[in-house]
Amino acid sequence: MLVLEAYGYLWVCPSGQPRKALFAFPEFSQDGRRIVDCDGIGVSVSGLRMVENFLDMGHFPYVHASYLGEVPQTEVAKYDVSVDESADEIWATNCRFYQPRTSKAATTGLEVQYAYRVMQPMSAMLYKTAFPRPGEMDAIGLFVQPHDEDHITAYCLLSYFDDTSTETDLIAFQHTIFGQDKPILESQVPKRMPLQLGAEMPTRCDAMSVAYRRWLSTRGTSYGTVR
Ligand SMILES: [Fe+2]
């Protein structure tokens with residue numbers, strides 16, 4: 001087993017032979033950003049389901065009403081999905097969504113720009129418009145520690161442009177959002193990810209989910225899947 005310390009976490013490679021170097025995270029050490037460790041939350045679901053939910057904008061107005069979305073502005077506009085073959089990562093870019101309150105620092109609604117990135121089957125980042133600095137993107141890391149195939153601790157790390165909010169407030173905002181996702185995640189049936197074609201019907205707004213499942217299938221991921 002190989003253990004690496006990076007970005008405030010310990011990364012474990014059970015086989016001892018990593019396929020590639022740990023993913024880059026330049027925002028972790030960029031000047032002007034605040035790094036806030038939101039700690040981990042236990043969730044009774046597969047880590048793959050956890051990541052897929054993180055990548056899904058379609059649930060914002062329903063699950064995160066008044067924060068990350070609002071009925072009737074429910075449409076997920078078309079966005080671009082690509083695979084970075086050299087880094088073996090998936091990207092969703094040119095995503096946008098109207099959000100009543102995108103972050104702790106937000107004081108008004110905003111058409112927020114998003115990008116998503118999957119670096120490992122159970123590690124993903126999202127980049128979104130930084131409310132205090134509209135030309136910059138905040139970064140949020142989701143790093144999943146599986147305890148078994150149906151139980152995880154999901155860690156959340158913020159790399160934010162925010163000079164005013166307290167650390168407690170930033171963590172509390174994130175926990176509010178996460179607390180809204182947790183019961184949805186835990187009611188997923190099955191708890192593991194079905195990867196066989198047609199198991200769950202994708203729609204246009206699920207382009208990232210489709211790409212994620214295909215990427216998992218291509219690399220032969222089985223841990224946390226329906227077999
Ligand atoms: Fe959510």
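Areas come from the Shrake-Rupley method with a 1.4 Å probe, and for residues only the protein chains shown count as cover.

This is a predicted model, in which local features need pLDDT of at least 70 and side-chain atom pairs count only at pLDDT 80 or more, while totals for chains, interfaces and linings use all residues. Residues are numbered from 1 along each chain as its sequence is written, and side-chain values use heavy atoms, leaving out hydrogens and water.

Select Met1, Val3, Leu10 and Val12: they form a nonpolar surface patch with about 450 Å² of accessible area together. Met1 sits in the segment before strand S1 (2-6); strands (E, at least two residues) and helices (H or I, at least four) are DSSP runs numbered from the N terminus.

Next, select helix H3 (residues 167-186), whose end C-alpha atoms are 28 Å apart. Its buried residues (under 20% relative accessible area, 1.4 Å probe, protein chains only) include Leu170, Phe173 and Asp181. The buried residues of H3 pack against, among others, strand S3 (34-43) and helix H1 (47-54), contact being heavy atoms within 4.5 Å.

Move to Asp150, in the loop between S8 and S9. Asp150 touches residues including Val43, Ser46 and Arg192, not counting those up to four places away in sequence.

Finish at Arg213 in helix H4 (residues 207-218). The C-alpha atoms of Arg213 and Ser29 are separated by 31 Å.

Definitions and conventions:
Expected span 1.5 Å × (residues − 1). Buried < 20%, exposed > 50% of the residue type's maximum accessible area, 1.4 Å probe, protein only. Patch = residues over 30% accessible without salt bridge, like charges linked within 9 Å, V, L, I, M, F, W, Y side chains within 5 Å. Salt bridge = Lys/Arg side-chain N within 4 Å of Asp/Glu carboxyl O.
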